[in-house]
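The sequence and structure are shown first.

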Amino acid sequence: MKKVFVVALALVAAVAFAEETAAKKKSAVEVLTDADFATKVGKGVWMVKMYAPWCGHCQALAPTWEKLAAESAGRFHVAEIDCPANPKACESVTGYPTLRLYVEDEEPSEYEGERTVEAFLDFVEQSVDLDAAAA
């Protein structure tokens with residue numbers, strides 16, 4: 001009986017992992033790491049969510065962030081970075097989520113407005129001439 005329980009538990013874990021992996025593959029949000037952060041945000045226009053997986057506000061923002069990524073495709077990058085897993089890129093982050101706009105090699109702009117797709121799009125469009133900037 002114990003063996004059956006262990007096998008069933010392993011199957012449930014495998015299915016959950018497969019579903020999570022499939023969901024991440026479908027995501028339009030780009031995932032950044034310490035290894036590629038500076039290189040990527042140094043070119044083009046990037047709206048970046050700096051988050052912690054355990055943060056409730058970050059989890060609540062995730063569906064909106066996905067919509068933003070889908071609506072901005074080809075105009076600018078929408079990305080996220082797991083700060084506890086990537087502390088180097090997040091060393092200046094003091095709270096989660098931290099939302100920043102990176103444009104080429106300029107200082108990033110911190111976003112502190114309403115957390116809607118429309119507000120995010122307005123912020124980027126008011127901050128950057130997207131026609132002149134390369135995504």
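## Cores, buried residues and a pocket

Leaving aside neighbours within four places in sequence, W65 is in contact (heavy atoms within 4.5 Å) with V29, M47, V48, K49, V78, A79, E80, L99 and F120. The model is predicted: local features need pLDDT of at least 70, side-chain atom pairs count only at pLDDT 80 or more, and totals for chains, interfaces and linings use all residues. Residues are numbered from 1 along each chain as its sequence is written, and side-chain values use heavy atoms, with hydrogens and water left out.

W65 also belongs to the largest nonpolar core, which has 21 residues; M47, W65, L68 and F76 touch the most other members. Such a core is a set of buried Ala, Val, Leu, Ile, Met, Phe, Trp, Tyr and Cys residues joined through side-chain atoms within 4.5 Å. Two or more residues of this core come from each of β2 (45-51), α3 (56-72), β4 and α4 (117-127), and α4 provides the largest share, six residues. Helices (H or I, at least four residues) and strands (E, at least two) are DSSP runs, numbered from the N terminus. A second, separate core of 13 residues includes F37, W46, M50 and C83.

In α4, the buried residues are V117, A119, F120, L121, F123 and V124. They pack against β2, α3, β4 and β5 (109-111). Buried means under 20% relative accessible area, exposed over 50%, and partly exposed in between (1.4 Å probe, protein chains only).

| Residue | Element | Relative accessible area |
|---|---|---|
| L68 | helix α3 | 0% |
| T98 | strand β4 | 5% |
| Y51 | strand β2 | 16% |

Not counting residues up to four places away in sequence, L68 touches M47, F76, V78, V117, F120 and L121. The C-alpha atoms of L68 and T116 are separated by 8.5 Å, although these residues are 48 residues apart along the chain.

A polar atom of the T98 side chain lies 2.5 Å from the backbone oxygen of G95.

Y51 touches C58, E80, I81, D82, C83, P84 and Y96, again not counting residues up to four places away in sequence. The C-alpha atoms of Y51 and Y96 are 5.2 Å apart, and 45 residues separate the two along the chain.

Two or more lining residues come from each of α2 (37-41) and β4 (98-103), and α2 gives the most, with three residues. The lining divides into six nonpolar, two polar and eight charged residues. In this division, Ala, Val, Leu, Ile, Met, Phe, Trp, Tyr, Cys and Pro count as nonpolar, Asp, Glu, Lys and Arg as charged, and the others, Gly among them, as polar.

Terms used:
A polar contact is a pair of N or O atoms within 3.5 Å; within protein, one must be able to donate a hydrogen and the other to accept it, and residues adjacent in sequence count only if both atoms are side-chain atoms.
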